[in-house]
Amino acid sequence: MSNLALGTSRKREIKRSWLLGGVFVIWIGLAKLFNGKFTLEIAVPQNTPFTSFVGEVAKSIRGNRTDGAAFKYFFNPIRQIIDGFVTFIREIISIPTQGATIPLIGWLGVLALIGFTVFAVSKLKTAIMAMALTFACGALGLWKDSMDTLAMTIAAVLLSLAIGIPVGIWAGRSDFALKLVTPILDLAQILPTLVYLAPLALFFLIGPASATIATMVYSIPIAIRLTAFGIRGVAKSPVEASVSMGSTGAQTLTKVQLPMAKKTIVLGINQTVMAALSFVVIAALIGAPGLGKPVIEALIIRDVGEGFVAGFAVVFLAIMLDRSTTAAVVKQNTFVPPSPAELKRRKIGLIIAGISTIASIILSRQFAWAAYFPKNINFAEQIGHGADTTVVWITETFSFFTDGLIKFVTVGILNPLESVLSGAPWFLTILAISAISAIIGGFRSALITVFLLGAIVASGLWFDTMITFAQTIVATLLTMLVGVALGIWVGRSAKADRVLRPILDAGQVLPAFVYLIPMLGFFGPARFTAIATGIVYSIPVVVKIVGQGIRDVPVTMIEAATSAGSTTRQLITKVQLPAAKNSLLLATNQGLIFVLAVVVIGGFVGAGGLGYLVILGSSKPELQGKGLVAGFSILLLGVMIDRIAQYAVRRNSAPRQ
Amino acid sequence: MVRNKGKGLRLAVITAVAGLTLSACGGGVDDAASTDAGAGEACGSYSIAMHAWVGYTASAQVVTEVAKAAGCTIEQVTLEEAGVTYDAMEAGSIDLVIEDWGGGRWKEWADRGAVVEVGDNGNVGLIGMYVPAWMAEEYPDITDSANLNKYADLFVTDESKGKGAWYEGPPGYTTIGEKMVSANKLNYTIISTGSEQALIDVFTKAAADKTPALGYFYEPQNFLAKVALARVNFPKNDWTDAGEASGLTDYPSSPLMKLASKKLMDANDPFTKIVKNFKWTNADQNAVAADIESGTDPAAAAQKWIDANKDAVASWTK
């Protein structure tokens, strides 16, 4: 990059920031002037013609569920098959089989089986860890719920892989297929989970089947993406060699492409498992058995301890499944063939493990002590109490700080932003957002913005959408503030990375509902509760992306700056951050999407907006149409945020002359 | 390749052996358990919807314990109310709602035969808008809804957009606050609290700090015995179905209903009997709820009441 080019791009940037500033000033001025006019606000119990129409459609769907042809021959059979599959797996480890009082395998057998399976695909150390973590779930007094969650996860993952891997192979081998699935995968990735629960429940009713399908919607795209990626990543030459030797397509696939892509595909399985597990809690809203139940219960009675105990069990299961599948990946990677002695030792080990597993299973079916998890091994109370005390201590110790912070965020940032976004005439807001979109993302970005905002106006829920948007923006701003700072730290210091990574990893698997509970205790039913939860949820991903971006800045650039006498501060602000600009944009995008997914859940705790309407619609039949439309509006908002950010990234990475 | 084949074979052998072990030495634990409960009539396995207030927990837990003693297998499933739950009953994943406040929200499902109205459970529910008792003393006319606008300024918070804050019940509850505010032209902003506990927090804080608060509450609820609240009276009630309410008038006092799945009603087993006969008073419910609130395990709290009221329980199982 020549100095000249750097100069013009810098000039363009300065011009852009002036333009942005101008738009903001005019926007805020006009918004003040016309405050409260043309806001399209409608009362919560009020339907628009469109939402009434959707409500009527939903009602007729409900009425058709037993006799309608689509249900008789399509939806109901699917539900019954999935229900049967889930019940089959649950009966092995978690619920009593027909006419019995225990599942097929009691706790000792399950533990042994987990150990054996992990040992067979990786190594002894991982197997012992997997057994210890599973045992810990039992020691939290949540054996049955944990097993239900494990069963649901296994069912959803198996079904997801059954669909995801073939589709992924197809997309890996055919450009047409890839083009076909990519937009769907993109959409699935930004779809906030709360959005598709209600429509799924409408067609598949409430219960394990709906929950499994909802989980699959979330995890199939990941399986597809990584499988396709793996197949495409296989070097050209072996494939060409195979074809030139006269292999058929099927032979090339099974003998060359699949074995060589195995590592990526196993990684895909790992990611699919993690996605499915992260859905555990929210799936409880539509009747999924398992650890989601105690978390939701704890939210309702605001029992911080109970929430954390169940949350820990989710984290334990997550670590167990993550490490076991990762260990399997590592094993696929070892190229050093084991010596005959090692092979023999392993064989003997497997035989011993196998025999003890069979013995444990038999014991767990014969004796009560091996069938029911021992009641006296239960640390739930101590851990719950510990969590409770910690939370109370934090609240009391930092209340001077948190009270001021809430006041500042709510009155100083959120209320003004809300009044600009939702209190101004709708066309002014659309104009302003589109102008901003044009400045940072270009013409096409603006076009899409106008279209999506127009659709939101047409949906009739403009006002509520803007309420949600305001909360999303505020939460993202605060997330970026903290996330970028931590990201710089992690990116610059390997030690910081070592310290923070386990916390970030745990933060990514701990269900958002778990810390929503103490937040509700801290901040009461308020928008800040939703905002704070959104921040905690999205910080890990922002820190990881920013940290990676900073780490990827070429060493030569840093050395050049250091030798030119830059201070650390100059190094960060003048070299590392500008060079990592794309990562910052990407982090903002991910931050916004993550925040949006959680802010709508804030509808449970007084944050209002679209999330509240979604939740209201699921229990008040007369507002079901409005709830479904609100879900759709969340999706439109998510797509808009994502598109603007994508265009901004693209524009930034390919500067024109 | 050879290694892989060996692995496949090994897995096959293990699977076969495991299969054999499972089928050959069928559950020793089961044998013991089934002789245990084999005394009375056979009872099926059912799921009870668990709704999110402590009174409901009390009723559902007592029914659960009585049913378990009668040899039934009961699973408790936490779910939002109304639509969600009726859908679950239609899907066959829920068999019983022990306390529904809905005033007929289930009619559409009942017409389809998915939900069966079993009758009232003896509890009488009354929802209303409340202020802490100190406010009624300081501003005696605040308990008349016509004066709410006069005092709206007292209730302003950072969340309420310059109007009074109206703490509404959770989304799943029977709530018509939005309609009340717009129909009565009240200068208030609705803030959804999301849970019973959040409502209790609001009132506890308002009573302790002598701060103003206007919020949704209901009886039977043991909290009313602990913290004094004053009801704000709206014009006399004229509706039963919340979906049809105009919002001009107050909540009705209504008998709380038991709803069952068709499967449960058709089964005619001990659990059907218990569900049909279950009936108790607001005081009974409050007694169990108080124990649960003070930290007793719900099952133990229910068992305590069952032990103290053997006659009542006996009349349900007859």
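**A first look at chains A and B**

A:Leu516 touches A:Leu299, A:Thr533, A:Ile601 and A:Val605, leaving aside residues up to four places away in sequence; two residues are in contact if their C-beta atoms, placed from the backbone, lie within 7 Å. This is a predicted model, where local features need pLDDT of at least 70, side-chain atom pairs count only at pLDDT 80 or more, and totals for chains, interfaces and linings use all residues. Residues are numbered from 1 along each chain as its sequence is written, while chains are lettered from A and ligands numbered from 1 in the order in which they are written.

**The core**

- A:Leu516 turns up again in the largest nonpolar core, which has 294 residues; A:Leu516, A:Ala283, A:Ala313, A:Val314 and A:Leu317 are those with the most contacts inside it.
- Helix 14 (residues 304-333) of chain A gives the most to this core, with 15 residues.
- Domain 1 (43-124 + 255-317) and domain 2 (126-253) of chain B both give residues to this core, so it lies between them; the domain bounds come from an automatic or database domain assignment.
- A nonpolar core here means a set of buried Ala, Val, Leu, Ile, Met, Phe, Trp, Tyr and Cys residues joined through C-beta atoms within 7 Å.
- "Buried" means 20 or more other C-beta atoms within 10 Å of a residue's own, "exposed" means 12 or fewer, and "partly exposed" is in between, with C-beta atoms placed from the backbone.

**Chain A overall**

- Chain A has 28 helices and zero strands; helices (H or I, at least four residues) and strands (E, at least two) are DSSP runs, numbered from the N terminus.
- With 657 residues, a compact globule would have a radius of gyration near 26 Å, and chain A agrees with its 27 Å. That radius is taken over C-alpha atoms, and the globule rule is 2.2 Å times the number of residues to the power 0.38.
- Along the principal axes, the C-alpha atoms of chain A fill a box of roughly 80 × 65 × 60 Å.
- Of the 657 residues of chain A, 51% count as buried.
- Take the contacts in chain A with a separation of 6 or more: residues 24 or more positions apart account for 79% of them.

**Helix 18 of chain A**

- Just after helix 18, A:Gly442 takes a positive phi of about 100°.

**Where the chains meet**

- The contact takes 53 residues from chain A and 46 residues from chain B.
- On the chain B side, helix 4 gives the most, with six residues.
- That side of chain B divides into 18 nonpolar, 14 polar and 14 charged residues. Ala, Val, Leu, Ile, Met, Phe, Trp, Tyr, Cys and Pro count as nonpolar, Asp, Glu, Lys and Arg as charged, and the others, Gly among them, as polar.

- A:Leu40 isn't a glycine, yet has a positive phi of about 60°. A:Leu40 sits in the loop between helix 1 (3-33) and helix 2 (49-63) of chain A, and is partly exposed, with 17 other C-beta atoms within 10 Å.
- B:Ala82, also a residue other than glycine, has a positive phi near 50°. B:Ala82 is in the loop between strand 2 and helix 4 of chain B, and is buried, with 26 other C-beta atoms within 10 Å.
- A cis peptide bond joins B:Glu219 and B:Pro220, with omega about 5°.
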